[in-house]
Each structure stands twice: as structure tokens, then as C-alpha cells.
2 protein chains.
Amino acid sequence: MDLPAARFRIGELSRRTRVSPELLRAWESRYGLLRPERTSGGFRLYSEGDERRVRRMRARVRSGLSAREAASAALEEDSSTGHATAVSPALVEELDAALMAFDEPGAHSTLDRLFSAVSIEGAIAQAILPELRSIGARWAAETVSVAQEHFAATLIRGRLLGLARGWDEGRGPRAILACLPGEMHDIGLISFGLLLRSEGWRIVYLGQDTPLEAVFSALERSLADALVLASVERRRFRRAADDLRHVARGMKIAIGGAGATEAVARRLRATLLGPDPALGAVQLRADISGSSRGGTRIDLTAPVPGDSPA
Amino acid sequence: MDLPAARFRIGELSRRTRVSPELLRAWESRYGLLRPERTSGGFRLYSEGDERRVRRMRARVRSGLSAREAASAALEEDSSTGHATAVSPALVEELDAALMAFDEPGAHSTLDRLFSAVSIEGAIAQAILPELRSIGARWAAETVSVAQEHFAATLIRGRLLGLARGWDEGRGPRAILACLPGEMHDIGLISFGLLLRSEGWRIVYLGQDTPLEAVFSALERSLADALVLASVERRRFRRAADDLRHVARGMKIAIGGAGATEAVARRLRATLLGPDPALGAVQLRADISGSSRGGTRIDLTAPVPGDSPA
DNA sequence: GCGGGTGTGTACATAGTTTGTAGAGAGTCG
DNA sequence: CGACTCTCTACAAACTATGTACACACCCGC
């Protein structure tokens, strides 16, 4: 993972983080956020670590902190936690072993270490979702029992929900997340919400099996920038489509989960989210700021065939 | 995700607490409610502790105290960390107000205080279950909307699941808890689990919609002393009865939820749990140690008509 | 009931702070 | 040479501090 330390200049950092070069320099001189190397001619040379620090700073600012406080938080977090960027495969194996053995304390303690070793988002994207996908695959191949699958999904859902606090605070754009009526598979959607949150969004999470009435009510209240709907079954989208269509006008809608197809997306004038939640979060941000272009699908609801098995 | 001591300015505090900046300053100068740090330029910098204090103040004001008394109460509560044994009705009212107003941060902060004021079990038995029952009643009377009910149930389920850690550790008797296949109403069962846990039991929690296969698998592994099954619908018990009957031999079974009737209990040779989880926990302990006496029914799954509404 | 005092939330004017952005002029890189 | 970057300065918008004023409700003694 330590590649030969790629270095890039301010324009590149600006493009990657969507923070203007002027502002990057201001953050450096005012708050000491960055301490880039220099070329012999004096150009700044940044590393990926700098990029992460900028992202953290930006997320804090979006969550309502002043620039100065955001910078000091981003710097502090930098030094305090020796956050690795990659999850050790051993840890994922350990998680899998605990889940397969119905070892609840073991699984929780592994998850504790996972979350303290890397960011929550990293843990989700690099360990939890891959593990769930792996379980799903083995379940399909019948090398994992229904009981094991159910245990793993229930434990992980509880853990993720425990992380879902203060979702709606701060200042970023706001997304409303809901599973369609009848849909109980919510692990993918919760993961997506956590990743979106780390991108600076505020989340209004409506959960499993959300009555459309609750969706409308949330829309009326919350000045949302986007509505994200998920279901593994296409018929749920079809059933809800008519009611949702007249919402689609003023509102950016995104749909995900195995039931979300291109046809449904066209019908609702919605963005079709791809199978990778991390990419999906970026995609949604891009969509909001203008260009609408369907990328890969996000598998919002089915990292495990039955995360709430039927 | 817990940021290191984030400090924020008055506008952010205002947004978080929904109290105007003018009023925050007035509360500070008039009652000394807050004592924020200052930037070099003189801007106030608040902490999360300040935020909590404002929320407490606001809650007291809403419940009828004068501003001056509310402030002194909020300040006092700050210093006294002593565990009360009874939940203050004001706190329950505050929880209700936050839930009905879709105020997620407010609800979480009220729950935080609830849990820190009394034990988790006390909070559940004295505040959360009554509140859920009250919402259920008002939902039936149509003074609470589907959206409100769904919001409250989803938030509280997430919170309770977050408490469900290390359930299976220790040395007490062990109970396996599961909702029958298809059954999604699990808030009552989780509450029951938490109360049972506080009675010293170890809990194996299988969750919503548990395949019978997962139940059997857990039984084989765990040397359990009791099996607790819940459903709001009688047909789920009927459907599962045959498969469960031959389990009933070596195992103490208890059933609860609106679908659990005396007839079903007789058929499964199970104990019928009453509507009050706290009593139910005591009852189950008594049953295990010998005498089997059905008391009142535990409403394991329906403190809210649709805690996972369909 | 009725004036006057009090408690409380809100509004405003004026001054100062914070922060993102912009431009000039010179230098660097490929 | 063109595109990019450097430093320094400036500036405007948004926010905040302070102090004062005001509207309204409530309570009190009469």
C-alpha cells in the first residue's frame, strides 16, 4: 500500500478535493492545515495524506464548525489516531471467523478494533461490505447456513445502527433515506448513509419498510436535497412509482438496491445508484451539483441476500 | 466518529438547539447558563456540554418552568451526576415532544440524559415502553400520524440495538430470543432482552424474522436455559408449532407478543408471557427455577402497533 | 378591575471578526 | 511560450458582539 509516495501540485489537489487553490493556500497560511514539500522552484507538492486532511477539514466545515476549529480538529485527528488507511486482511478474516462461529463477543471485539484502526467509513467500505458480500456468495453456494447468515446480518445491522447518531446535524446537503414499503433489507442503505455522512451530508434515515406517507412527510419538513430509495424487489418500485412521480419534479431522487433498474430510474427520473456505496456517495454529490449521469449501480440493499432474511 | 472536543460558534449552537443567538446570549448574561470560551477576536466558542445544557434548559422551559428556574435546574443537573431511581416525567414529555417533532438530535440527546439519569432498565421500563405504548394508543386514535409513529419506532429500535452489546457474556442462565419467521416487530423483544439481561441472564438475540433453522442451530450450540419466541400474529405460532414441539421437551419455552395465546402456549407446552416485560423477566426466572405459573402476558412485540409498520 | 412593576423573548444599530475570493506582478515548469 | 504557481494585498459577505429598546404576558397591591 505504500506506493512510492505520489506527489502532486496544488491544481491537482484542488481538482481532487474541489477546494480552490486560493483557499488551500489560505488554509495553509491561516491554520497550518498543510505543510507541503516544495520543488526547488517553490511549488507546493502534496501527498495523499494532505488530500485526506483537506477532506476531513471540509467535512468538519460542512458539519458546522468554523474554519479555524475545523482545521484544528482535522489536525488533531491526524496526530492522535494513527489511522491506517487500509484494513488488515487478518482482521477481516477474524471477523469472518467470529461470525461463522456465532461468537458474538468475538465479533463485537473485532469490530471494535476495526473501527479504532481505521475510520468508520473505511471499515465499512473495506471490511464490512466485502464480508457481507462474501457471506452472501457463500450462502448462495450453500457453504454458509441460513443460521450463520442470519446471525451475521443481525449483528452487523445492530452495530451499524449504533453508529447512526447525529446524522442530521451540521450544514451539508441533506438526503432522506428510506426503504420502500415492505422492504426489510436495510443494511446496504445504512452503509450508504454512513458513507454519505462522511462526505458531509446530513441524513434523515427513515429505515426499513417506510410508508410513503412518512416519506412525504419527511420531504415536507426537511428541505432535503435528495431522496434515496432502496428496495431489492422491482415490484416495490413499480408499486410506489405513481405516488413518487409527482415528487420527482422538485427533488433529486436516487434509487438503489437490486430492485432498482434503469427502467425504473427513467420512469421516476431518478439516478440509478451503482453497487459500490463509496462510489455512490461521490456520484450523488456530483449529481446534485449538476451533471446527471448514471454510473455503476449501488447495491444498497443486498450485500447479503437476506440481511433480514425471509 | 467522536471528534476531539469540537467547539463551535453561536450560529451553529443556535442551529443545533433551535434557540436563537439573541436568546442564547440573553440566557448567558441573565442566568449565567453558559460560559463559553472566546476566540482571540471575541467570538464565543461552545462545546457539546454547552449544547446539552441548552437542551436541558429548553426542555425545562417547555415543560413550564420559568426561564430563571429552568436555568438553575439545568446548571444544577450539570454538577449532580447521581443516579435517580425514578424517571422525571418532564424527561418523558421531552422525549415525546422530540419524537413527535421529528427532532432526531433532540430525541437522541433526551435519550442520552435518560440513560445517564437512571439505569438502562429503568429507562426502558419507565420511559421508553410507556412512551411507545402511548404513541401506539394515539396512533390508533389517529392523533399520531403514520410518519410520526414510524420515525419514533425506527429511532428507538436503533437506539436499543445499540445497547445490545455483550449480551452473551457472563455466567447467568442463557435465553435465546427470536421473532418467528416473517415477524418484523422486534422492539418489544429487544426490550425484554435488555430487562432479562439486567436480571443477570445471558442473551442470544436472533432478531427479526428468524428462520427456524437458525433457532435450532442456536439451540444446538448454546446450552440455553430458555427459548423466548415472539410474534404479533397467531398464525406464525401455528405455522411454527409442529417444528417447535419436539424441541419443547428438553427446553423451557416462553412465548410472547400479541400472537401468543393460551391455546398456543398449551400446544407448545410453553409459558405465556404477560404484557409487562419487567414482570415477564421475573416470571421467567421463577419458571426456570421450578414452579410454572402463567402470570400476565408480556406484550413482547406490540408496544407500538407497527414498530416496523407495514 | 386596574395601573405599575417584572420577567422574558425579540429586534435593531453599530462596530468588529472571520473567511472565501480576487487580482497584480513575478517566477516556474515542461 | 503557455499554463501554472508563488506571495502579498485587498475586499466583500456573512457572521458575531454589545448595548439598548420594545412587545407581551404575568403578577402584585390597590
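User: Which are the buried residues of α1(B)?

Analyst: Keeping in mind that this is a predicted model, the buried residues of α1(B) are Ile10(B), Glu12(B), Leu13(B), Arg16(B) and Thr17(B). Because they cover an arc of only 160° around the axis, they lie on the same side of α1(B).

User: And what covers the buried residues of α1(B)?

Analyst: The cover includes α2, β2 (44-45), α3 (48-62) and α6, which belong to chain B. Just after α1(B) comes Arg18(B), which takes a positive phi of about 60°.

User: Switching to the contact of the two chains, how many residues does it take from chain B and from chain A?

Analyst: Chain B contributes 44 residues to the contact, and chain A contributes 45 residues. On the side of chain B that touches chain A, the elements giving two or more residues are α1 (10-17), α6 (104-117), α8 (146-163), β4 (202-207) and α10 (212-222) of chain B.

User: Which of them gives the most to that side of chain B?

Analyst: That is α8(B), which gives eight residues to the side of chain B that touches chain A. The residues of this side divide into 20 nonpolar, twelve polar and twelve charged.

User: What about the DNA, then: how many residues surround DNA strand C, and which are the closest?

Analyst: DNA strand C is surrounded by 26 residues, the closest being Thr39(A), Gly41(A) and Ser66(A) from chain A, with Gly41(B) and Ser66(B) from chain B. At least two residues of the surface near DNA strand C come from each of α2 (21-31) and α4 (67-80) of chain A, and likewise from each of α2 (21-31) and α4 (67-79) of chain B. By residue type, that surface has ten nonpolar, twelve polar and four charged residues.

User: Back to chain A: how many helices and strands are there, and what is the order of the strands in the open sheet?

Analyst: Chain A has 13 helices and seven strands, and five strands form an open, parallel sheet in the order β4-β3-β5-β6-β7 (chain A). At the edges are β4 (202-207) and β7 (271-272) of chain A, each of which pairs on one side only.

User: Over how many bridges do β5 and β6 of chain A pair?

Analyst: Strand β5 (residues 226-230) and strand β6 (residues 252-256) of chain A pair in the parallel sense over five bridges, and within β6(A) the bridge partner of Leu227(A) is Ile253(A).

User: Last one, what share of chain A is buried?

Analyst: Of the 310 residues in chain A, 48% are buried.

Terms used: Residues numbered from 1 in each chain as written. Chains lettered and ligands numbered in written order. Predicted model: local features only at pLDDT ≥ 70, side-chain atom pairs only at ≥ 80, totals over all residues. Near = placed C-beta within 6 Å. Helix = DSSP H or I, 4+ residues; strand = E, 2+ residues; numbered from the N terminus. Nonpolar A, V, L, I, M, F, W, Y, C, P; charged D, E, K, R; others polar. Buried ≥ 20, exposed ≤ 12 C-beta atoms within 10 Å, placed from the backbone. Pairing = 2+ DSSP bridges. Contact = placed C-beta atoms within 7 Å. Arc of directions from axis to C-beta.
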